[in-house]
Amino acid sequence: MFDLLRKELCLAVHPSLYVFIFLGALVLVPAYPYGVVFFFAMLGIFQSMMYARETRDIYFTALLPVRKRDVVKAKLLLAAFAQLSQLLLSIPFAFLRTLYLSEGNPAGIEANVAYYGFGLMIFGVFNLVFFTRFFKTAYKAGAAFLIALIPSTICIFAMEAVVHFPGMEWLDGISPELLLRQIPVLLAGIVIYAAAWFLAYTAGAQRFSQVDL
């Protein structure tokens with residue numbers, strides 16, 4: 001598993017993905033819709049899949065002494081690395097925001113525990129739709145991205161809007177009490193992300209096994 005990920009990071013990833021990972025620092029920007037941060041990670045993954053198509057990386061990987069399902073696993077490991085790295089790297093900036101910009105985010109949800117839980121859910125939805133669709137041909141990355149963008153964007157808008165609903169203000173809080181109350185959202189995000197990753201891998205591997213390279 002580590003060798004597959006190392007191969008992806010060294011040979012197959014588009015350089016823009018690393019830039020988008022560090023855009024997690026945007027949670028420090030005042031009055032900014034932080035759901036956009038997740039879009040950058042999804043865009044970086046899409047560009048890496050396009051780059052892999054143009055460089056025939058998938059065909060090259062299939063020629064290695066690995067199973068076809070390992071080709072799917074390699075791409076999903078790359079996606080998980082990018083998404084989780086972006087979330088982890090944004091955490092110090094979220095703490096800085098709490099210290100120096102504690103007046104709240106009028107543009108949407110705060111960068112709090114619930115935000116990270118929702119982010120994992122959004123990434124899970126994207127992975128499930130995008131990779132399941134992409135590995136149907138292992139070629140049409142653009143169509144797969146556009147289709148995956150629809151439910152992902154709906155989830156982002158829902159996350160940004162829900163904190164403005166009556167009785168849901170606790171999802172936008174940054175006090176210790178409210179952060180503790182948001183932990184179930186984070187746990188749900190972890191479970192949904194892991195389940196979606198596994199389903200995307202299972203469905204993607206099944207579809208890719210029928211692709212004639």
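A residue is called buried under 20% relative accessible area, exposed over 50% and partly exposed in between, using a 1.4 Å probe and protein chains only. By that scale R207 is partly exposed, with a relative accessible area of 33%.

Before going further, a word on the model: it is predicted, so local features need pLDDT of at least 70 and side-chain atom pairs count only at pLDDT 80 or more, while totals for chains, interfaces and linings use all residues. Residues are numbered from 1 along each chain as its sequence is written, and side-chain values use heavy atoms, with hydrogens and water left out.

Let us stay with R207, which lies in helix 9 (residues 183-208). Helices here are DSSP runs of H or I with at least four residues, numbered from the N terminus. On the surface, R207 gathers with R133, K136 and K140 in a patch of positive charge. Patch members have over 30% relative accessible area and no salt bridge; like charges are joined within 9 Å, and nonpolar side chains (Val, Leu, Ile, Met, Phe, Trp, Tyr) within 5 Å. A salt bridge is a side-chain nitrogen of Lys or Arg within 4 Å of a carboxyl oxygen of Asp or Glu.

The surface also has a nonpolar patch, formed by L28, L96, L99 and Y100, with about 430 Å² of accessible area together. Its member L96 lies in helix 5 (residues 68-100) and is partly exposed, with a relative accessible area of 35%.

Now for the aromatic rings, of which the structure holds 16 pairs. Rings of Phe, Tyr and Trp (its six-membered ring) pair if their centres lie within 6.5 Å; planes under 30 degrees apart count as stacked, over 60 as edge-to-face and the rest as tilted. The rings of Y32 and Y34 have centres 6.3 Å apart and planes at 40 degrees, so this pair is tilted. Y34 is buried, at a relative accessible area of 0%. F126 and F145 make an edge-to-face pair, 6.2 Å centre to centre with 75 degrees between the planes. That pair links distant parts of the chain, with F126 in helix 6 and F145 in helix 7, 19 residues apart. F126 is buried at 0% relative accessibility, and F145 is buried at 6%. Both belong to one aromatic cluster, whose members include F46, F130 and F208.

Finally, look at the loops. A138, in the loop between helix 6 (113-134) and helix 7 (141-162), has a positive phi near 60 degrees although it is a residue other than glycine.

Notes. Areas by Shrake-Rupley, 256 points an atom, 1.4 Å probe, with all protein chains shown as cover. Lys, Arg positive; Asp, Glu negative; His and termini not counted. Charge placed at Lys NZ, Arg CZ, Asp CG, Glu CD. Helix = DSSP H or I, 4+ residues; strand = E, 2+ residues; numbered from the N terminus.
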